[in-house]
Structure formats: structure tokens, C-alpha cells
Amino acid sequence: MPENSPRAFVTGITGQDGSYLSEQLLGAGWDVHALVRREQGSEPATPAAPVLLDQRIRQHRGDLADPSQLAALIQDIQPGVVFNLGGISSVARSWEEPALTAQVSGVAVTAMLEAAWRFQENSGKPVKFVQASSAEIFGSATHSPQTEETAIRPVSPYGAAKAYAHSMVDIYRERGLAASSAILYNHESPRRPLDFVTRKITSQVAAIAAGSGERLGLGNLEARRDWGWAPDFVDAMLRMAAAETADDYIIATGTAHSVSDFVAASFAAVGIEDWEEHVFIDQRFVRPADASEMRGDASKARRQLGWEPTVEFKEIVARMTRHDVSLLEKDGLHE
Ligand code: NAP
């Protein structure tokens, strides 16, 4: 690695976004350091876990549930940019473990902001910080689309942890750290873990197309979400890191679709039009509180970062479904 390569410290590298981010950073000649909490090859293996096979990534063992180690890591690594993509990323899981969610997706962010700011103060070397924030900070927003000015009113433990982290990013920006929040709307890819509704749909549609004979059980079919393509969203975070001024940006496509639109598009990708007979409402998957429509206005990111989404909804769903069909054809199992 050349001595003057820009250096990134990435959390969440084994996740969907972290894996795409590390590929983009390595491709651009960055020196990539990653927080990794599990032994390589340990279960459960996520779809993005193979990213760790890349020997160019320097791995540092640590857990966001124990923020006490994070300051020493940042001090040692001396990153130019911290990309904080790690944490509990599922609203459903946050209802099962609300206190852990607060620790991992809230308190740990403050620990890293403080460590980055302190390192910058002591060394005189500027540090940038990019936080993966979420549209869930808006909870059940009363208007759509949401903007950077929309009131922060989370309705889940996940949203509340992200809202706290979001406020701390703003506070450290005021304090002199170039810290930015990407207010991310849902974004998908074949690297989405199987317990997320989108990947659950595409994997089960692939199985039904292969003749499993099972039906797909879902919660709220009418919930509307703004679904984008994960590599595009990673590109937005890279643009935020490259920007001269730190700021908060909505990252979204601006178009919402319902869960039933997603289901229909996935079945269409395998040539099944009469999808209703393969689907039923399963009360176990209905969430305690669920926003009916989330749709973001990314005009500011388009204007100031030159960012725009490149893959439209039906193509995203088709790519994910084709990936699951090919996995089934290969070995009959999902990763
Ligand atoms: P993801 O696929 O679920 O990945 C989460 C990452 O966080 C994994 O690398 C996981 O590591 C790591 N992690 C979880 N708990 C940890 C802990 N205690 N210590 C250290 N690492 C831990 O999430 P994603 O979809 O890439 O999302 C990236 C970020 O964007 C997340 O912060 C998420 O909340 C936010 N976001 C995502 C979306 C979306 O639609 N994808 C929307 C809004 C916001 P392991 O492999 O060890 O589990």
C-alpha cells in the first residue's frame, strides 16, 4: 500500500453496504481498516461475509457493544475517514433487543465521534466521519416525501437509536469534526441478509418457482417504501466523504412502492403472474408500529453531491430474484 494512500476505518464491513463500500474503496486505492467482531468462517455467515477473504483489508477485532475499545482503535489506525456502517440494522430485531440496539447503534457512535474528534484535536490531522443514519428517524412522518428538515420522531427502538446517533453527529459537526449523516432509505441487493422482507420474498419466490409448493407469509402488504440499489447508496456515502463541507443528506430514489408491488415484481421475474394465490397474511410478521409510507426527497444530494440513483425498482427486484434462482440451481440451498 503506497504511503500516501487515504485511510478509511469501516465498521459493518461484513454487511451489505460495508462489503460494497470496501470494494469501492479498495478499487480506488484506499488503505482499508475494518472493525470485525467474529472469527472468519463463524456462523451465521452473512451473504457479504466473503468480503473478509480479501487480504488487503486490515481487520481489527472489536464489538460495538463494547465502545471502550473504539477510542484506542481510532488512535492506532489514524484514519482520514471513519465510515460507521455497523450496527443492528433491522427494525424487527430492535424490538427484540432494544437496549442492545441503543448501545450498538447509538452509544457506540458517540464513542467513535468523541475518539475521532479527540484524535483530530491532539494530532492536528483532520478526520471525516460518515454515519449511516436512517429514514426510520422520521417514524410515522406526517408528510411525504421527507426532507432533511422533517421532524425527527422515531417509532421504534431502531429509529430511536439512529435518532440519538444522528443528533450526536450534528453536535460533533458543531464542535469541529467534519461529520455527516446519510439519511438512508431502504436499499437492497443480493447481499441483503435473508431475514429482511425483500430478500425473504425473492428467496421464497425462487423456491416457489422451483416447485417448493409452499406459500409466502407476509405482514403488511400495503406498507410503502422507497427502495434503492445498495451500491448507489454506498456511492452517495463516498461522495459525502469527498465533499468539502460536512452535512446531512437524504439518500433516496423519491419513488415509493408497496410490499405487494415488490412481491408482484419478484413473481414476474420468474414468469408467474397470478402471484396472489402463492401469498398469505401472517400475523406474526405484523410490526407493533409501522410507518405506512416512507419516501425521501434527495434533491439536496443531487444538487450538492451530483448523486443520483442508477437502478430502478423492477430491475432491483429482478436482479435479487435472479440471484436467488441461480443459488437454488447451484446447490439447492441459500447462503
Ligand atoms: P447489515 O447488512 O445488517 O450489516 C450490519 C453490519 O453491522 C454487519 O457487518 C454486522 O457484523 C455489523 N454489526 C452488527 N452488530 C455489531 C456489533 N455489535 N459490533 C460490530 N459490528 C456489528 O446492514 P446494511 O444493510 O449493510 O446497513 C448498513 C448501515 O446502514 C446500518 O447501520 C443500517 O442501520 C443503515 N441503514 C441501512 C438501510 C438499508 O436499507 N440497508 C437503510 C437505512 C439505514 P456481523 O457480520 O458480525 O453481524
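1. A backbone N or O atom of glycine 15 lies 3.0 Å from an oxygen atom of the ligand, a polar contact being a pair of N or O atoms within 3.5 Å. The model is a predicted one, in which local features need pLDDT of at least 70 and side-chain atom pairs count only at pLDDT 80 or more, while totals for chains, interfaces and linings use all residues. Residues are numbered from 1 along each chain as its sequence is written, and side-chain values use heavy atoms, with hydrogens and water left out.

2. Helix α1 (residues 16–27) packs on helix α7 (residues 230–242) at an angle of about 60 degrees, with the axes 9 Å apart. Helices are DSSP runs of H or I with at least four residues, and strands are runs of E with at least two; axes are lines fitted to C-alpha atoms, for helices over the stretch in contact, and angles run from 0 to 180 degrees between N-to-C directions.

3. A cis peptide bond, with omega about 5 degrees, joins serine 144 and proline 145, and proline 145 is found in the loop between β5 (128–134) and α5 (157–175).

Conventions. Polar contact = N/O pair within 3.5 Å; in protein donor to acceptor, adjacent residues only side chain to side chain.
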